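Me: I have a model to go through with you. I want each label set against its cut-off.

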Amino acid sequence: TDDRFITANIKKAISGEPQQVFRDFKMDFFFVKDTIPLMRDWILDKELPREINMVYPQKYYLSQICELINDLIGTNVKIDINNPGKGKDYCGNGTLLKQLNYQMLGLNYGITDLIRHHNQ
């Protein structure tokens, strides 16, 4: 939806408005299409662990996500951070997912896909 962090900041960057970070901290984002191979294998009853954190190994601050959006769009809009200082990180452990060795499209691809969608 339009109020999600990445989508809202993509729209702002496309329109030339400053991107918005309310408090800067590390947070996991995961591209929904990267869930498909695991969901397929669960449906096909392949042996998989009962619980898997769907997170990438690389962790980013919200401000870094905004920088990535700027890079992928080719803009350099300002990034406003409302509350200075770092907040508490909100990340999971992706070790198990990485060990399962699934081919992932990744966060850059996911953000690029959203940018394409919003540039139509």
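Me: Why is Gln20 called buried?
Reply: Buried means under 20% relative accessible area, with over 50% exposed and partly exposed in between (1.4 Å probe, protein chains only). Gln20 has 18%, so Gln20 counts as buried. The model is predicted: local features need pLDDT of at least 70, side-chain atom pairs count only at pLDDT 80 or more, and totals for chains, interfaces and linings use all residues. Residues are numbered from 1 along each chain as its sequence is written, and side-chain values use heavy atoms, without hydrogens and water.

Me: What makes the Gln20 and Asn82 side chains a polar contact?
Reply: A polar contact is a pair of N or O atoms within 3.5 Å, one able to donate a hydrogen and the other to accept it. The side chains of Gln20 and Asn82 are at 2.4 Å. Gln20 lies in strand 1 (residues 19-24).

Me: Which residues does Gln20 contact, leaving aside neighbours within four places in sequence?
Reply: Phe5, Asn9, Lys12, Asp80 and Asn82. Contact means heavy atoms within 4.5 Å.

Me: Which residues of helix 1 are buried?
Reply: Phe5, Ile6, Thr7, Asn9, Ile10 and Ala13. Their cover includes strand 1, helix 3 and helix 5.

Me: Why are helix 3 and helix 5 called oblique?
Reply: Under 35 degrees is roughly parallel, over 145 roughly antiparallel, 65 to 115 roughly perpendicular, and the rest oblique. The axes of helix 3 and helix 5 cross at roughly 60°, and the two helices are therefore oblique.

Me: What residues of helix 3 make the contact?
Reply: Ile65, Leu68, Ile69, Leu72 and Ile73.

How values were computed: Axes are lines fitted to C-alpha atoms, for helices over the stretch in contact, and angles run from 0 to 180 degrees between N-to-C directions. Helices (H or I, at least four residues) and strands (E, at least two) are DSSP runs, numbered from the N terminus.
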